[in-house]
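Biologist: Thanks for sitting down with me. Could you walk me through this model, one question at a time?

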Amino acid sequence: MSGFQINLNPLKEPLGFIKVLEWIASIFAFATCGGFKGQTEIQVNCPPAVTENKTVTATFGYPFRTLLLHLLPLFCGW
């Protein structure tokens, strides 16, 4: 009965080593982006006939599903 053996010969080639670096980079990329949340605000300046300006706030987070984002503000009384 033989023990657990790992063949590291593919890592000695440049493409094998680069593939390992790609795996490590992708793990770190998804780990750092997993809990990302943000918010953006846009201020709309209305014409002089309307006395108040509007501010639109959009919150987002990972995974970014911007197609599901619905903004229905009433700009300047339109």
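Biologist: To begin, what is the mean pLDDT of the protein?

Modeller: This is a predicted model, where local features need pLDDT of at least 70, side-chain atom pairs count only at pLDDT 80 or more, and totals for chains, interfaces and linings use all residues. Residues are numbered from 1 along each chain as its sequence is written, and side-chain values use heavy atoms, with hydrogens and water left out. pLDDT is the predictor's confidence in each residue, from 0 to 100. Of the protein's residues, 79% reach 70 or more, and the mean pLDDT is 76.

Biologist: Where is confidence highest in the protein?

Modeller: Helices (H or I, at least four residues) and strands (E, at least two) are DSSP runs, numbered from the N terminus. Confidence is lowest in strand E2 (residues 54–61), at a mean of 79. It is highest, at 85, in helix H1 (residues 14–33).

Biologist: Which side chains meet in a salt bridge?

Modeller: Side chains of opposite charge can pair when their charged atoms come close. The term here means a side-chain nitrogen of Lys or Arg within 4 Å of a carboxyl oxygen of Asp or Glu, and the structure holds 1 salt bridge. With an N to O distance of 3.7 Å, the partners are lysine 19 and glutamate 22.

Biologist: Why are lysine 19 and glutamate 22 separated by about one helical turn?

Modeller: Both lie in helix H1. Lysine 19 is partly exposed at 47% relative accessible area (partly exposed lies between buried, under 20%, and exposed, over 50%, with a 1.4 Å probe and protein chains only), and glutamate 22 is partly exposed at 45%. They sit about one turn apart because their spacing in the helix is 3 residues.

Biologist: Is valine 44 buried or exposed?

Modeller: Valine 44 is in strand E1 (residues 37–44). Its C-alpha atom is 7.7 Å from that of valine 56, 12 residues away along the chain. Because its relative accessibility is 18%, valine 44 counts as buried.
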